[in-house]
Amino acid sequence: MRPIPLALLGAALLAGAPAAAQSAAADWTRGATCYEVFVRSFHDSNGDGVGDIPGLIQKLDYINDGDPDGGHDLGASCIWLMPIAESPSYHGYDVVDYYNVDREYGTNDDFRRLMTEAHRRGIHVLVDMVLNHSSSEHPWFLEAARDPDSPHRDWYQFSAQHPGVRNPWGSDNWHRSPYRDEFYFALFWSGMPDLNVENPEVVAETERIADFWLNEMGVDGFRLDAIKHLVEAGRGAQVEHLPGTHVFLREYARHISSVKPDAYTVGEVWDSIGAIMPYYPDQLTSHFMFQLSDDVLTATRTGSAANLYRGYLRLQREGLPPHRYSPFLRNHDQSRTMTVLEGDEGKAKMATALLLTLPGLPFIYYGEEIGIAGDKPDENLRTPMHWTSGAGGGFTTGTPWRAPQADWATRTVAAQDADPSSLLNLTRRLIHLRKANSALAMGTLVPLTASSDAVAAFVRRDGDKAVLVIANLGSAPLSGVTLNSEAGALPEGDGPSDNLLDGPNAARLSVGADGRIQGWVPFRTLAPMTIHVLEFSSDCP
């Protein structure tokens, strides 16, 4: 697969062509971190055991209290809300009404109040937009399935006989209709029949839905679900990355930009970086980078930095600015970080620190900042937030919709809030630092060569400002580790000046005009599972 030429990408970003208008960085994205919230599990305001929008409003100060100097909040610049539209399922990914908030979560007016309160604190809000499929209980599908002459008939795919095809993974995505002697196509399960986004009427409806959420509800953008599957071919034999998908996304991005030029859109393309690159430069603003998640967690789990930077450097070579790709550790479909790392608190801190010092616009799944565990089935990845050790875990005064994790009474926000060395406080500090420090916010990534592959060492450089990150990923102390670089890694000067995480001072380093690091031993000993974030600039004393 050929990479996108830098000249083409740069032209698309700078020319302001309608289809690429969303590429321009909104001010809030500079050094930003986003926070993924499952409303059902975040905070319940009325004691029915289900999290709701009024409950989320009550906890906004935890996410961002609007005080950039306070540091007691997470400091997230945006939240992504998993589906909140009316749905028959707990997860909301099968929508029955795209224009109304699920009644268990509240009302449209509650949501508008959320937007007011979020914006007052400087929080931008993205909502999940599920366009690959609707619910099988949506009136569109019910009408189409019952009546072959329905105006919504071509909004879905029907077949009088089973087409006899399977998808590339060997699964059968054709389901027998309960209403007529025929079959319909649904990639994920029978309750989610796929919408035909090659039908102009469907496209027009998706644009009306976007208009509603952007204009009437005031959202700042969307996370688009399962976009690599939007278009199928061969009666479902081909179900990902088809040309029609890119046609739809270009038109959808153009429309969103025409309604709200600074809207932020992030797409789910669960695939390698190579497979994601054709979704640039002129479709959505950003895409989640699953490969980066795997690389950070693999480095942390194995104690080797050998492949930590490859994905980040690929994206940098492609010319993508940080706001146009979104790294993360885990999301609502994956085993949580603490589970992947087998309960190792030190490794969880290391993974978080790497995520928040490497480039991109990172997302953090709710509860990851306190190390909530969770494994399949999916419901156990989406359990209630642990706020306190009291009844209901501070989530509800009633019976929670799903039992929390076993350590709910000890692994809480309240307990970690009081512990300066906790995962929560490390996460807070790094999110605020990332936003305040231009090198961490926007800097180029420059990997360093370390004498041990257990050491992750890199520079983030923004002009004359630079930050050096040095981490021992291993379980044993390392002595005398040396660092080297190519030319241009650092600005000329003497440093570093400060350890931004309040660790020990590093050995002095004099950098000449060539900006090269040669044989530097920053610390006599690097303690196991520790990370140092060192400031270096041309005006260091």
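**View 1. Val-37 stands opposite Leu-81 in strand E2.** This close-up comes from a predicted model, so keep that in mind for every view that follows. Strands E1 and E2 run parallel here, and 4 bridges join them. Now look at E2 itself, which is covered on both faces. Cys-78 and Trp-80 sit on one side, Ile-79 and Leu-81 sit on the other, and all of them are buried.

**View 2. E2 also has strand E5 (residues 124–129) as a partner.** Once again the two strands run parallel, with 4 bridges joining E2 to E5.

**View 3. A disulfide joins Cys-34 to Cys-78.** The count for this model comes to 1 disulfide. Which hand does the disulfide of Cys-34 and Cys-78 have? The torsion about the S-S bond is about 120 degrees, so the disulfide is right-handed. The pair links distant parts of the chain: Cys-34 belongs to strand E1 (residues 34–37) and Cys-78 to strand E2 (residues 78–81), 44 residues apart. Are Cys-34 and Cys-78 buried or exposed? Both are buried.

**View 4. Three strands make an open sheet in the order E6-E8-E7.** The pairing in this sheet is antiparallel. Strand E6 (158–159) and strand E7 (174–176) are the edge strands, so named because each pairs on one side only. Between E6 and strand E8 (residues 183–185) there are 2 bridges, in the antiparallel sense.

**View 5. Helix H6 (residues 139–146) has several buried residues.** They are Trp-140, Phe-141, Leu-142, Ala-144 and Ala-145. What do the buried residues of H6 pack against? Their partners are strand E4 (97–101), E6, E8 and H7.

**View 6. Helix H7 (residues 200–216) crosses helix H8 (residues 243–259) at roughly 35 degrees.** The two axes come within 10 Å, and H7 passes H8 in a right-handed crossing. On the H7 side, the residues that meet H8 include Val-203, Ala-210 and Leu-214. On the H8 side, look for Phe-248, Tyr-252 and Ile-256, among others. By class, the contact has 7 nonpolar, 3 polar and 3 charged residues.

Conventions
Residues are numbered from 1 along each chain as its sequence is written. This is a predicted model: local features need pLDDT of at least 70, side-chain atom pairs count only at pLDDT 80 or more; totals for chains, interfaces and linings use all residues. Side-chain values use heavy atoms; hydrogens and water are left out. A disulfide is a pair of cysteine sulfur atoms within 2.5 Å. Buried means under 20% relative accessible area, exposed over 50%, partly exposed in between (1.4 Å probe, protein chains only). Two strands pair if DSSP finds at least two bridges between them. Axes are lines fitted to C-alpha atoms, for helices over the stretch in contact, and angles run from 0 to 180 degrees between N-to-C directions. A crossing is left-handed if the near helix is turned anticlockwise from the far one by less than a right angle, and right-handed if clockwise. Contact means heavy atoms within 4.5 Å. Ala, Val, Leu, Ile, Met, Phe, Trp, Tyr, Cys and Pro count as nonpolar, Asp, Glu, Lys and Arg as charged, and the others, Gly among them, as polar.
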